[in-house]
Amino acid sequence: MGWEGPAAWGPNPGPQPRTPTRIPSCSDSIPAVPPGLDPPAPLGSPGTAGSASPGSPRFPRYRRDPGPAGLAFPPGGRWRRPRPLRPRSQAEAEAMEKELLEDYRFGRQQLIEMCGHACAVAVTKAFPLRSLRRRQPTLLVACGPAQNGAVGLVCARHLRSFDYEPTIFYPKRSPDPLHRDFTTQCEKMDIPFLSYLPTEVQLINDAYNAVVDAVLGAEGTQGTEGTEPCAAILATLRHVRIPIVSLDVPSGWLPGPAGGSGDISPDVLVSLAAPKEVARRFRGRRHFLAGRFVPEELRRKFGLSPPEYPGSDCVVAL
Amino acid sequence: MPGPRALLGLGLLVAAARAGGRCGERGWSWGLGWNRERCRCLPRRAMHVPSPGAGPKGLRFLGQEEAQAIDQELFTEYKFSVDQLMELAGLSCATAIAKAYPPSSFTTSQPAVLVVCGPGNNGGDGLVCARHLKMFGYQPTVYYPKRSSKPLFEGLTTQCNKMDIPFLPEFPAEAEFIDELYGLVVDAIFGFSFTGAVREPFGSILSTLERVTVPIASIDIPSGWDVEKGKADGLQPDMLISLTAPKKAAMHFTGRYHFLGGRFVPPALQEKYSLNLPEYPGTDCVLQLT
């Protein structure tokens with residue numbers, strides 16, 4: 001039928017080649033603009049999103065010198081096209097969510113459902129069923145007490161319908177009735193809930209193919225990660241050797257140019273709506289954006305250039 | 001490995017029980033003590049008689065009461081919310097449309113789609129579908145004459161408005177106008193709860209739609225059809241997107257594309273009603289039945 005098609009099933013096809021046009025500046029702090037190009041348009045102006053940059057559109061505005069750690073090339077890693085999206089601060093992310101809920105009248109449950117579904121699709125792209133090491137496609141989904149945890153619950157449910165075998169660890173359950181409903185839905189899909197997380201990391205390495213980290217979201221970057229049991233979960237996750245997929249932000253990462261020595265190192269990051277500030281430090285293999293549900297007007301307002309989502313996919317590899 | 005499995009609780013006990021391989025039928029259950037032999041479910045398959053004219057082997061076509069019962073169970077037992085399922089249903093519809101009628105296939109200069117929304121949940125599905133179509137690059141226009149005052153529907157309408165999806169103040173008077181302006185019509189007027197006579201303004205809308213020549217994609221049930229018996233002289237859509245499972249009316253569907261959408265039915269529920277749903281491809285939220 002001529003449709004490019006959603007998720008290709010099978011080995012990971014890798015990032016799609018794209019011409020580097022229409023890419024605004026990656027960061028506000030990019031210094032000199034290469035000669036012949038106009039300076040980057042200010043945030044929120046109509047020129048940033050969706051239209052060709054003034055001047056020569058062929059040369060993405062990235063710096064060649066290392067600069068702050070956030071934009072350094074991964075040592076020995078594959079060269080990646082510069083990220084076309086400016087990472088959002090915590091305040092901006094909250095403002096965007098507020099606008100989606102209040103002005104656009106999205107329901108919170110709707111948004112969490114869309115995010116969770118998109119995260120599940122991203123997990124299947126990063127770890128296709130046939131590529132998993134173990135015979136059973138087991139995954140551990142660690143859910144925290146707040147919204148990030150709820151996204152994790154929805155993600156687990158969709159992974160289950162995609163024929164993976166998720167197991168959830170959800171020690172501190174939110175009293176929010178919405179989150180309780182998500183929990184019931186998972187239970188009714190016969191997704192097991194662990195009663196405790198073993199501190200013996202080898203057990204996790206042996207039992208699961210990957211871990212989905214839905215412990216702390218952007219609120220975790222405020223430094224609340226010390227509260228139990230999140231701290232204990234993160235302490236264990238730091239030492240696992242199987243890949244970690246972090247939802248929105250790697251749990252426990254605090255904002256700033258340099259990470260803490262105790263940070264977890266996710267292999268895959270799925271940014272929700274827009275990449276967050278801490279995503280600058282992400283050095284893993286795949287970075288996905290799940291933001292197709294963000295209306296165009298809102299994207300323009302927050303200076304998000306629309307990435308090209310393949311076909312009817314709800315996630316795009318950055 | 002017995003060590004980690006013993007410690008890691010229910011999940012791994014189940015995994016060990018299924019170590020020999022997965023049950024072929026989609027409706028298997030995870031419960032403890034569910035051994036592989038029972039998973040084969042052969043006796044169960046033999047127990048129900050496939051409906052005449054059914055699609056893939058053993059796929060069940062639901063009656064109206066069954067469809068309503070499944071819906072109820074999803075909300076009361078499984079604690080899904082209408083918002084959630086409507087979002088997934090609308091996404092399925094938009095995805096199916098994108099597969100069958102990609103924007104490049106439209107003969108109109110823009111991929112313009114008219115979405116006609118009824119007063120109930122089927123209309124809500126249409127609103128969600130319109131929003132996703134917009135995100136997929138189509139240009140949907142909505143006609144939503146009888147608006148529900150429930151917050152969910154007001155929210156969905158606002159989302160469409162804010163995404164610059166126009167709402168028509170009145171329905172095009174002639175079928176020819178629709179043919180000229182739009183490449184596709186989405187029929188989201190009545191769903192599986194429909195009974196009795198068609199009330200205005202939908203009677204005249206349906207008579208106009210019966211005369212359009214552009215393809216019509218119906219959500220769940222072609223509007224105006226009896227949910228079980230169909231309607232020979234009614235709307236004849238080109239595409240039908242059955243949600244959850246096809247209803248008996250789908251047996252009378254003669255259009256080109258029959259898709260299954262609404263990929264949210266838990267395995268236990270599928271098992272309970274012997275839905276025998278075929279496997280969805282990959283992570284797709286739709287499955288083409290014909």
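## Aromatic pairs

Over all chains, the structure holds 5 aromatic pairs. One of them joins B:Y101 and B:Y257, whose ring centres are 5.5 Å apart and whose planes stand at 85°, so that the pair is edge-to-face. This pair links distant parts of chain B, since B:Y101 belongs to the loop between α6 (82-100) and β1 (112-117) whereas B:Y257 lies in strand β6 (residues 257-261), at a separation of 156 residues. Both B:Y101 and B:Y257 are buried. The model from which these values were computed is a predicted one.

The rings of B:Y143 and B:F171 have their centres 5.2 Å apart, and because their planes meet at 45° the pair counts as tilted. Here too distant parts of the chain are linked, with B:Y143 in strand β2 (residues 139-143) of chain B and B:F171 in the loop between α8 (151-162) and α9 (175-181) of chain B, 28 residues apart. Both of these residues, B:Y143 and B:F171, are buried.

## Chain B as a whole

Chain B has 11 helices and 7 strands, and of its 290 residues 59% count as buried. Among the contacts in chain B with a separation of 6 or more, 68% are accounted for by residues 24 or more positions apart. The accessible surface of chain B comes to about 11,800 Å², and 54% of that area belongs to carbon and sulfur atoms.

## Helix α1 of chain A

Helix α1 (residues 90-102) of chain A has 13 residues, and the distance of 18 Å from its first C-alpha to its last is close to the 18 Å expected at 1.5 Å a residue. Within α1(A), the residues A:Q90, A:E92, A:A93, A:M96, A:E99, A:L100 and A:L101 are buried. The buried residues of this helix pack against α2 (108-126) and α7 (296-301) of chain A.

## Nonpolar cores

The largest nonpolar core has 57 residues, of which A:F127, A:L153, A:I168, A:L247, A:V270 and A:F293 touch the most other members. Helix α2(A) gives the most to this core, with 11 residues. When neighbours within four places in sequence are left aside, A:L153 is in contact with A:C143, A:I168, A:Y170, A:H179, A:F182, A:T183, A:C186 and A:F193.

A second, separate core of 49 residues includes B:F171, B:I189, B:F190 and B:V214.

A:E113 lies in helix α2 of chain A, and because its relative accessibility is 0%, A:E113 counts as buried. Apart from neighbours within four places in sequence, A:E113 is in contact with A:V154, A:R157, A:H158 and A:F182 from chain A, and with B:Q84 and B:L88 from chain B. One of these partners, A:F182, is also in contact with A:L153.

Note on methods:
Residues numbered from 1 in each chain as written. Chains lettered and ligands numbered in written order. Predicted model: local features only at pLDDT ≥ 70, side-chain atom pairs only at ≥ 80, totals over all residues. Heavy atoms only, no water. Phe/Tyr/Trp six-rings, centres within 6.5 Å; stacked < 30°, edge-to-face > 60°. Helix = DSSP H or I, 4+ residues; strand = E, 2+ residues; numbered from the N terminus. Buried < 20%, exposed > 50% of the residue type's maximum accessible area, 1.4 Å probe, protein only. Contact = heavy atoms within 4.5 Å. Areas by Shrake-Rupley, 256 points an atom, 1.4 Å probe, with all protein chains shown as cover. Expected span 1.5 Å × (residues − 1). Core = buried A, V, L, I, M, F, W, Y, C linked by side-chain atoms within 4.5 Å.
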